[in-house]
Amino acid sequence: MTDRIHTRLWDAMTSLKLTIGCLAALMVLVVACTLAQVELGTLGAVNRYIRSFVVWWQLPGSSWSIAVFPGGALVGLVLAVNLVAAQLRRLELSWKKTGIWIVHAGLILLVAGEFVTGAFQVDSQLTVEEGQTLNFVERPREMELAVVDTTDPAHDDVYAVPEALLARERQVDIPGSPLSLRVKAFHKNADLGARGPADPPSPATAGVGAGVAVRPLAPVTSDEQLNRTAAFVEPVAAGRSYGIWLVSNVLGAPQSFTHEGRTYALAMRPRRQYLPYSITLKKFSHDVYPGTDIPKNFSSLVHLSNPGRGEERDVLIYMNQPLRYDGKAFYQASFGKGDTLSILQVVENPGWLLPYLSCTLVTLGLLLHFSLSLRRGVRREASPQPAAVEA
Amino acid sequence: MRGARFVPWIAGGLALAAAAAGMLPRGKTRGLDLDAFGRLPVLEGGRVKPVDSVARNALLVIRGQQSFRMAGRTILPGEWLLDAMFRPDVADAQPIFFINDPDVLGLIGLRQTSDRYFSFNTLLPHLAEIQRQAESAHAIDARQRTRFQGAIANLFERAYLYYRLRNTVQLGDAPLSREIAARTASDAAERQVALAQLAFFRPLPPAPGEPANAWRTVGEALRAPTAEADPVLQGWARLSAAYASQDAGAFDGAVASVAEFVTAAQPEALRQAGHELVFNRAQPFYAGMVIYVLALLVLFVSWLWKPDLLQPAAFGLLTAGALVHTAGLVSRVVLQGRPPVTNLYSSAVFVGWGAVLLGIVLERVYRRGFATAVAAAAGFASLIVAHHLAGDGDTMEMMRAVLDSNFWLATHVVTITIGYSGTFVAGAIAIAYVLRRHLVRRPDPAATRTLVSMAYGVVCFALLFSFVGTVLGGIWADQSWGRFWGWDPKENGALLIVLWNAIILHARWGGFARERGIMAMAIFGNVITSLSWFGVNMLGVGLHSYGFMDKAFWALSGFIGSQLLLIPFCFLPPRFWRARAAAEDGAAPAGVSGT
């Protein structure tokens with residue numbers, strides 16, 4: 001009995017019908033993801049349809065969601081399993097099938113590469129003005145609460161609490177400092193406005209927060225919008241509370257308090273990653289073709305300084321010509337402030353080589369397979385054929 | 001038949017000769033050498049081109065055609081431009097503005113009649129209102145505009161383009177010679193600023209020591225302290241005066257002097273502009289389109305009459321069409337200094353070219369005439385599409401910074417476009433199969449087998465090229481944007497083509513779809529390819545939105561509708577086929593292949 005089930009399961013897992021079903025499901029997901037981009041933005045649509053195991057549909061007017069379709073991750077996984085299983089079971093090892101073997105090996109790598117990218121790729125930005133030197137990159141979609149010890153004017157000590165910890169709304173100890181933070185409330189996205197007489201009293205008891213009304217909003221994912229993240233936190237040290245503060249990335253003014261002679265500033269800001277080197281923007285250029293406003297070129301001339309390795313050099317980053325350094329790639333992405341500000345996209349993807357490998361394999365495999373079948377086909381065509389009845 | 005061997009050569013040769021005749025210059029118009037005028041190089045849209053290209057593209061944008069008839073005579077773009085610049089009273093009365101929107105017509109106090117072309121004089125009293133309406137329409141995102149808002153914004157843009165052309169060399173009321181003489185008068189500075197700002201093209205080559213692309217407007221040249229001594233400026237002034245008085249001798253002399261002094265400043269410009277002028281005159285893609293139609297017609301006739309003679313003739317015509325098409329493509333590559341596909345227009349030209357070449361190869365392999373039909377139809381259809389995509393003006397526009405990479409344009413874009421060609425050819429073969437099934441009386445298993453085997457081979461070809469093209473696109477994206485795959489609409493479109501071709505092949509290998517199923521799937525491939533080629537551009541999101549277009553929405557919907565309509569015909573059971581019905585009647589002996 002169990003044998004029968006095993007056989008049937010094995011049959012289903014290796015069947016060509018499953019392959020076609022997965023490919024068709026993938027087409028449906030790709031179409032849905034493309035159309036959804038108009039509303040959700042690329043990131044939102046990809047997370048919903050491609051990088052998910054199940055596509056959920058929220059029943060209108062309720063908080064209930066039902067699973068309506070397998071997500072891209074699930075389909076990709078099934079496809080990969082199906083590929084491997086079918087390969088092991090059905091395809092014999094013969095020269096005739098070499099091409100197919102290579103193609104399928106390449107495809108498995110491709111699916112694996114997309115999983116690695118989904119799991120490990122880190123996207124950040126370097127937003128730098130002419131003349132400015134920065135030694136960190138930021139992730140604009142992810143916030144952190146920075147507690148900065150500004151006592152020493154020559155240098156700051158930064159303790160950063162990532163968004164994920166704040167979202168738990170519990171007490172967070174700041175390692176290396178006497179402080180703890182009690183997170184009273186956290187909103188990934190919120191509308192901040194001046195508090196009117198009709199608004200409920202603010203939970204904040206210190207800083208600018210007392211005069212601000214915070215209305216939580218649904219987080220946004222579209223490419224143009226950014227979340228305005230807000231949190232109410234209460235710094236505590238040596239059993240003493242320093243009041244409840246409102247922190248948000250849209251509050252401009254720094255807020256600080258003093259504990260035992262040391263001054264700490266609180267700031268919600270895009271999550272930073274500090275680099276062991278620094279980058280100075282020397283010049284940003286934006287050329288157009290004469291007599292038109294068609295951009296001809298964007299480029300950033302930067303100075304790269306890495307005292308650790310004794311590197312001091314100028315690099316020109318322009319379209320199709322990124323700077324690859326220390327596992328990161330810096331691309332010219334955008335610009336602003338009357339062409340004096342340059343925004344570089346910074347990408348770190350440990351799996352970046354996988355697609356290259358897999359594509360080479362698939363291309364070679366397809367070429368091999370089709371030329372082998374073409375040769376067979378031409379031979380068949382050349383040999384006389386018996387008359388067949390029209391189907 | 002003894003002479004039959006030469007038939008394709010004769011047919012093809014005649015077609016080539018007719019196409020080549022288009023390259024010859026036209027005679028003089030009213031004694032004026034307009035050909036020499038059209039050759040003068042100017043800078044517009046970021047590149048140096050003959051003034052003929054400026055005139056053609058502007059007239060195409062304004063009127064939708066590159067020439068028009070008036071008072072029993074065809075007015076060519078060069079003459080129209082000269083009138084607009086130097087005899088505005090004549091040009092203002094010419095019916096060049098195409099207006100079809102009833103609300104726009106109503107706004108300027110007109111009703112919709114069979115006459116859809118109006119003169120600038122007709123618009124003149126309503127210009128302020130048109131501008132006001134257009135400005136409120138411009139505030140709205142192009143995708144969200146109503147039909148009226150789109151039409152009024154478009155009319156204003158065209159009227160403004162005409163106005164700019166009129167004021168490029170001289171401000172309407174004052175000849176250039178007077179402008180030069182009075183260039184230090186009290187109101188001169190203001191007029192020079194107006195000339196510099198309104199100029200649609202830059203007729204004056206860069207001053208010595210300036211970069212090669214720093215061509216100048218008339219307004220800028222007038223501001224230079226040595227304006228009186230500027231020979232090109234003086235030449236244009238004489239040209240203006242001679243044309244206004246219709247003095248043919250003086251006009252030709254002025255044109256020759258401008259050409260001479262431009263060549264002295266920019267030795268290459270005149271030669272290059274001359275090449276482009278010949279290209280403009282030859283209209284290779286138009287000629288190719290006509291030849292493809294001829295090939296198709298000859299082939300249709302061949303199925304009824306003298307197949308031994310006419311089928312080779314059709315193939316000869318197809319080859320001639322392909323040669324003309326290739327010549328046009330190569331000229332564009334040389335003129336632009338870019339790989340063949342740089343925008344949607346050129347992608348249509350290239351898709352057709354790839355399809356025709358594929359068809360010629362298939363015809364050489366199978367020799368049954370089907371591939372000729374498929375190739376001629378595909379070539380014709382894609383050139384028609386290209387023709388309609390050319391309405392935005394210059395089809396050799398400059399490349400945006402992000403696309404400025406000849407290496408990737410030559411590899412990724414060309415490969416993926418060949419993939420489109422392959423999918424369309426497979427779809428066209430499938431359509432041929434359906435039509436044969438329902439129209440041809442004689443059952444012919446060998447012919448059916450040929451079509452099926454062709455379709456299979458082409459799907460394999462399409463899968464290979466669309467996969468490689470998609471992957472190369474990924475590599476380009478990784479090089480320039482930092483990610484191999486970003487699920488951008490255009491990338492998704494390419495992926496859909498790959499997936500669909502893979503499904504077709506797996507369905508065939510698994511035996512889930514046989515002859516009719518494969519053919520139906522191949523037709524659906526047309527739908528997928530057209531969506532990923534044009535449809536995703538209509539979404540207006542993503543990094544590939546530089547190819548944005550929304551005008552072709554109905555054309556695209558119509559095409560998709562027609563393909564979806566054909567698919568059920570694949571699946572109609574045999575009793576609906578003419579071949580089967582005829583065979584049962586015993587009307588035709590089975591097994592005779594006469595196609």
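How many residues does the contact take from chain A and from chain B? It takes 47 residues from chain A and 55 residues from chain B, where two residues are in contact if their C-beta atoms, placed from the backbone, lie within 7 Å.

This is a predicted model, in which local features need pLDDT of at least 70 and side-chain atom pairs count only at pLDDT 80 or more, while totals for chains, interfaces and linings use all residues. Residues are numbered from 1 along each chain as its sequence is written, and chains are lettered from A and ligands numbered from 1 in the order in which they are written.

On the side of chain A that touches chain B, the elements of chain A that each supply at least two residues are helix 2 (16-50), strand 15 (295-306), strand 18 (328-336), strand 19 (341-348) and helix 6 (353-382). Helices (H or I, at least four residues) and strands (E, at least two) are DSSP runs, numbered from the N terminus. Helix 2 of chain A gives the most to this side, with 16 residues.

Chain B is assigned domain 1 (7-22 + 283-337), domain 2 (32-267) and domain 3 (340-584), with bounds from an automatic or database domain assignment. The C-alpha centres of domain 1 and domain 3 of chain B are 22 Å apart. Between these two domains of chain B, 23 residues of domain 1 are in contact with 23 residues of domain 3. Helix 16 (284-302) and helix 17 (307-336) of chain B each give two or more residues to the domain 1 side, and helix 17 of chain B gives the most, with 14 residues.

The table divides two sides by residue class: Ala, Val, Leu, Ile, Met, Phe, Trp, Tyr, Cys and Pro count as nonpolar, Asp, Glu, Lys and Arg as charged, and the others, Gly among them, as polar.

| Domain 1 of chain B, touching domain 3 of chain B | 14 residues | 8 residues | 1 residue |
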